[in-house]
Amino acid sequence: MQSIALQITAGLLLVLIVAFTWVLLNTKGAQPLDKVAAPAYRLRAWLLAAASVAGLIVGVATLAPWPHDARAAEVNRIIEAKARQWAWELSSDKASVGEVVEFVVTSADVNHGFALYDPQQRIVAQIQAMPGFVNKVRHRFDSPGKYEVLCLEFCGLAHHGMVAQIQVTPKN
Ligand SMILES: [Cu+2]
């Protein structure tokens with residue numbers, strides 16, 4: 001499912017790039033009103049180019065580990081997670097450091113968002129919890145502590161109360 005979404009996104013991005021390039025090639029350069037404006041236009045062009053290059057570098061650098069160990073070969077533990085208004089039903093709330101856990105996520109009622117937070121409250125994995133569908137996300141637990149599963153999709157009155165804990169213990 002994730003690879004299909006990635007292909008669709010890449011395809012749409014390609015269409016955007018082609019469209020913007022076409023517009024760029026078919027637009028006559030901006031005509032500065034006077035000599036004072038010309039350096040400002042040049043500076044703007046350079047700033048835009050620099051921001052584009054910086055954005056590309058930051059994007060590629062931070063997307064490198066994406067999508068969250070989803071392709072990790074071996075799975076050491078499977079935890080089923082079923083969302084419902086307004087609680088998480090986990091088949092297990094334990095894991096060990098070093099394990100790759102595959103979360104098998106679905107919903108009993110409406111759309112929810114499965115988000116796994118590490119002990120420092122940073123999101124380390126997330127996927128949609130949808131009724132009638134099973135989505136899977138894998139995460140390798142690198143450090144021990146109390147992880148939390150929260151809902152990322154506003155799903156009604158007590159959405160904020162959808163919190164479950166997963167205790168990750170050090171390797172034996
Ligand atoms: Cu929710």
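Visitor: Which residue takes a positive phi in the hairpin of strand 5 and strand 6?
Guide: This is a predicted model, in which local features need pLDDT of at least 70 and side-chain atom pairs count only at pLDDT 80 or more, while totals for chains, interfaces and linings use all residues. Residues are numbered from 1 along each chain as its sequence is written, and side-chain values use heavy atoms, with hydrogens and water left out. Strands are DSSP runs of E with at least two residues, just as helices are runs of H or I with at least four, and both are numbered from the N terminus. The hairpin has 5 residues between its strands, and the residue that takes a positive phi in it, near 65°, is Gln-121.

Visitor: Which residue of strand 6 stands opposite Gly-113?
Guide: Two strands pair if DSSP finds at least two bridges between them, and strand 5 (residues 112–117) pairs with strand 6 (residues 123–129) in the antiparallel sense over 6 bridges. Within strand 6, the residue that stands opposite Gly-113 is Gln-128.

Visitor: Which residue of strand 8 stands opposite Tyr-117?
Guide: Strand 5 also pairs with strand 8, again in the antiparallel sense, and here over 4 bridges. In strand 8, the residue opposite Tyr-117 is Glu-148.

Visitor: How many of the residues of strand 5 are buried?
Guide: A residue is called buried under 20% relative accessible area, exposed over 50% and partly exposed in between, using a 1.4 Å probe and protein chains only. In a regular strand the side chains alternate between the two faces of the sheet. In strand 5 both faces are covered, with His-112, Phe-114 and Leu-116 on one side and Gly-113, Ala-115 and Tyr-117 on the other, and the number of buried residues is 6 of 6.

Visitor: Which residues form the covered face of strand 9, and which form the uncovered one?
Guide: Strand 9 (residues 163–169) is joined by 3 bridges to strand 3, which runs parallel to it, and it pairs with strand 8 (residues 145–151) in the antiparallel sense over 6 bridges. Val-168 of strand 9 is the bridge partner of Ala-95 and also that of Gly-145. The covered face holds Ala-164, Ile-166 and Val-168, and the uncovered face holds Val-163, Gln-165, Gln-167 and Thr-169.

Visitor: What is the arrangement of the donor atoms around the copper ion?
Guide: Donors are N, O and S atoms within 2.8 Å of the metal (3.2 Å for Na, K and Ca), and since water is not among the atoms, sites may look incomplete. The protein donors are Cys-151 (SG), Glu-153 (O), Cys-155 (SG) and His-159 (ND1), lying 1.9 to 2.4 Å from the copper ion, and of these Cys-151 is buried at 8% and Cys-155 at 6% relative accessibility. The 4 donor atoms subtend angles of 85 to 126°, so the arrangement is tetrahedral.

Visitor: Where do Glu-102 and Arg-138 lie, as partners in a salt bridge?
Guide: A salt bridge is a side-chain nitrogen of Lys or Arg within 4 Å of a carboxyl oxygen of Asp or Glu, and by this rule the count is 5. One of them joins Glu-102 and Arg-138, at 2.7 Å from N to O. Because the partners are 36 residues apart in sequence, the pair ties together two parts of the chain, with Glu-102 in strand 4 and Arg-138 in strand 7 (residues 135–140).

Visitor: Which residue has the backbone oxygen that the side chain of Thr-106 reaches?
Guide: Thr-106 has its place in strand 4 and is buried, with a relative accessible area of 18%. Contact means heavy atoms within 4.5 Å, and leaving aside residues up to four places away in sequence, Thr-106 touches several others, among them Ala-81, Ala-129 and Phe-133. At 3.3 Å from its side chain is the backbone oxygen of Met-130.

Terms used:
Four donors count as tetrahedral if all angles lie between 85 and 135 degrees; four count as square planar and six as octahedral if opposite donors are over 155 degrees apart and all others between 65 and 115; anything else is irregular. A polar contact is a pair of N or O atoms within 3.5 Å; within protein, one must be able to donate a hydrogen and the other to accept it, and residues adjacent in sequence count only if both atoms are side-chain atoms.
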